[in-house]
Structures are given as C-alpha cells and as structure tokens.
Amino acid sequence: MEKEIDIVALGELLIDFTEAGRSSSGKKLFEQNPGGAPANLLAVAAHMGYRTEFIGKVGTDMHGDFLKKTLKGEGIGIRHLIQDERYFTTLAFVEIDEKGERRFSFSRKMSADTQLCESELDWELLKKCKIFHFGSLSLADEPARTATIAAVKAAKAAGAVISYDPNYRASLWRNEKSAVEQMKSVIPFVDMMEVSEEELVLLTEMEDYHQAAAQILAWGPKLLAVTLGSEGVLIAMAQKQEKIAGFKVQVVDTTGAGDSFWGGLLSEYLRKSKNLQELTWDEVKSCAIYGNATAALCVQKRGGIPAVPQKGEVELFIKTRDK
C-alpha cells in the first residue's frame, strides 16, 4: 500500500492559556494559544510541506471549535479529529518565568483527549503513514491508553517508522512509578525517540547521559535525541553519540521548543528519503541541526503552534548562521 501521509500523530490537542501581562487592576491575563505536543509537531511538518493527519478528540465547546479551525489553517489534516459533545476540551494554564521556562496547571480530568477509544481509530489511515508519532500523555488515562497502543502496533505492523516523545508532566499521572512504567512500556515498538534531560534520567535512573542514552537504545529505538535546552541536543545511535550545539537566541517562551525540534528533525529525515539505517552520520547531524534551528526560531515567540516557523525562515536562519 502506498504511504500517502508523511506523518500521522495521535494525542492531546489543547488550549495553552499563557500568561500575558496583567489587567489594569493587577490581575493576571492569559492568552488563548492552540497547543498539545503532537499537534505542535504536525504544525512544523505541515509548514515544511509534508502531508499530515491528526488523530485525537476535543469537545464541541468554543475551544474545540477554535482548535479544529487552527489545525485546518495550519494545513494539518483534520478528518480524524473527533469532536465529542460529552467531554470538554483540555486546558493548560502556563506561567512563564524571566528565562522563558514554564510551569503548567492542567484541567484534564475526564477531558476529551483522554477519551479517545480504540473503536474510533481508522485502521486504513494507520497503514498509509510513513511516520506515526505519539507521546506519553495519551498513555496516562483510559481509554486513550488502549487506543494509543493499538494504533502504535497497527502502524508498526504496516511498516511505519514509529516516533515517540515521552513528554512527562508529573501532575497528569497517579504517581511517578506508574508514569515510568507506562512510558517505558512502549519503547520496544519505537524507532526514533526524543527525550529531555530530565526524562532521560527518569526513565533510566542513570546520571551519565551517554550511558543512559545507550540504555534506551538497547531497549529498541534506532535513534535517540536528548534535548539539552540552549546547549543543543545529544544524538545517539548504536554506532555513535554526539552533542550538536544549539543556536544562541533570545528566549521569550519555551512552549513547544522540543516539539519544534523534533518536528524539524523528522521533516529533514523525510526529505532524505532513506531508511534510518541507511543514513550517514553527517546526514543524521544535518537532521539535528535543522531541528535545532526550528526550535531556536520557535522560542523567540509566544505559544506552541503560533510560534512554529515557516520553512523559508528555518532555511534562511541556518544559512545565515552558517556564515
């Protein structure tokens, strides 16, 4: 079967209510920004010219309508975005400190994205994608957990490259032990994986990044990217590990930075039209550099999807910095 879709992503689609100053009476103001890690990643790929589809669920409320309209405007396929009148759209309230780092407060109990059911999946779509991407937040609650694992297995069986981001948010799990168990349970199915420094240590209980990266590769993935904030990324494969320096920029908001990095890396990987095992190390590095540049542009703006750069911006940024 022809792989008609470049990237299919499953998971949370939500509103980030991001701090945006104070009112005349001194009360905090929050800006409505569309977000959710899988959707952020698809926005990057769509901006880079790739065919994308989102699988997930939102409410029929004003926020669900806004998110559906946003994805359509970004060029992301929405045929498999379900609006369910029984549940409300997930909300996240985001505080940002002086360094652009965030603190989240979620309204997610029994919200729409956690209620995606296996019976609502389109099995034909899962056979048609080159890359299937998912994150760990859809593993935190049922029935979304069962639906997610079923989708991963179906896409894997159909020959898709499986991409995974164990995006840890402590408040969304019953406890840390449960989170780690679920986050680790799917790693054997994964081909390409992105983790933050904190998630790397959480999953492996190892402080040495190189040893920890080797441990995750031993569990199954062929490529691992450990995001290191402004320092760049550690790229690890069986044959080699290397830190790829990031670009120095003025940080406004780090929301979506990791998603932009990973979306940029996956987009550049798709452009090469090769299997992972066929990539040279220089090609792997070029994917990481493209991801770093995409993230560097993202953090200079506010929000998740609204901060995703266009293809021309990324290419000009890399070209200018190379000089």
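This is a predicted model: local features need pLDDT of at least 70, side-chain atom pairs count only at pLDDT 80 or more; totals for chains, interfaces and linings use all residues.
In strand 9, Tyr164 is the bridge partner of Phe134.

**Strand 8 and its neighbours**

- Strand 9 covers residues 161-165, and it pairs with strand 8 in the parallel sense over five bridges.
- How many of the seven residues of strand 8 are buried? Six are, so strand 8 is largely enclosed by the rest of the structure.

**Backbone details to look for**

- Most peptide bonds are trans, and most residues other than glycine have a negative phi.
- The bond from Glu142 to Pro143 is a cis peptide bond, with omega near 10 degrees.
- Pro143 sits in the loop between strand 8 (129-135) and helix 4 (144-157).
- Met110 is not a glycine, yet its phi is positive, at about 60 degrees.
- You will find Met110 in the loop that runs between strand 7 (102-107) and helix 3 (123-127), and its relative accessibility of 49% makes Met110 partly exposed.
- Glu205 is another non-glycine residue with a positive phi of about 60 degrees.
- The loop between helix 6 (197-204) and helix 7 (209-218) holds Glu205.
- Is Glu205 buried or exposed? Glu205 has a relative accessible area of 72%, so it counts as exposed.

**Aromatic rings**

- There are seven aromatic pairs in the structure.
- One of them joins Phe104 and Phe106, whose ring centres are 5.5 Å apart; their planes meet at 15 degrees, so this pair is stacked.
- Phe104 is partly exposed, with a relative accessibility of 22%.
- Elsewhere in the list of rings, Phe17, Phe30 and Phe93 form one aromatic cluster.

**The second largest pocket**

- Rolling a probe the size of a water molecule over the atoms shows where empty space is left.
- The second largest pocket contains about 350 Å³ of space.
- Which residues are closest to the centre of this pocket? They are Lys130, Val161, Tyr269, Lys274 and Asn275, out of 17 residues that line the second largest pocket.
- By type, the lining of this pocket divides into seven charged, six nonpolar and four polar residues.

Notes. Residues are numbered from 1 along each chain as its sequence is written. Side-chain values use heavy atoms; hydrogens and water are left out. On a 1 Å grid over the protein atoms alone, a cavity is a set of points where a 1.4 Å probe fits but cannot get out, and a pocket is an open set with protein on both sides within 12 Å along at least five of seven lines; lining residues have an atom within 4 Å of a point. Grid points are joined across faces, edges and corners, and a volume is the space filled by probe spheres set on the points. Ala, Val, Leu, Ile, Met, Phe, Trp, Tyr, Cys and Pro count as nonpolar, Asp, Glu, Lys and Arg as charged, and the others, Gly among them, as polar. Rings of Phe, Tyr and Trp (its six-membered ring) pair if their centres lie within 6.5 Å; planes under 30 degrees apart count as stacked, over 60 as edge-to-face and the rest as tilted. Buried means under 20% relative accessible area, exposed over 50%, partly exposed in between (1.4 Å probe, protein chains only). Helices (H or I, at least four residues) and strands (E, at least two) are DSSP runs, numbered from the N terminus. Two strands pair if DSSP finds at least two bridges between them.
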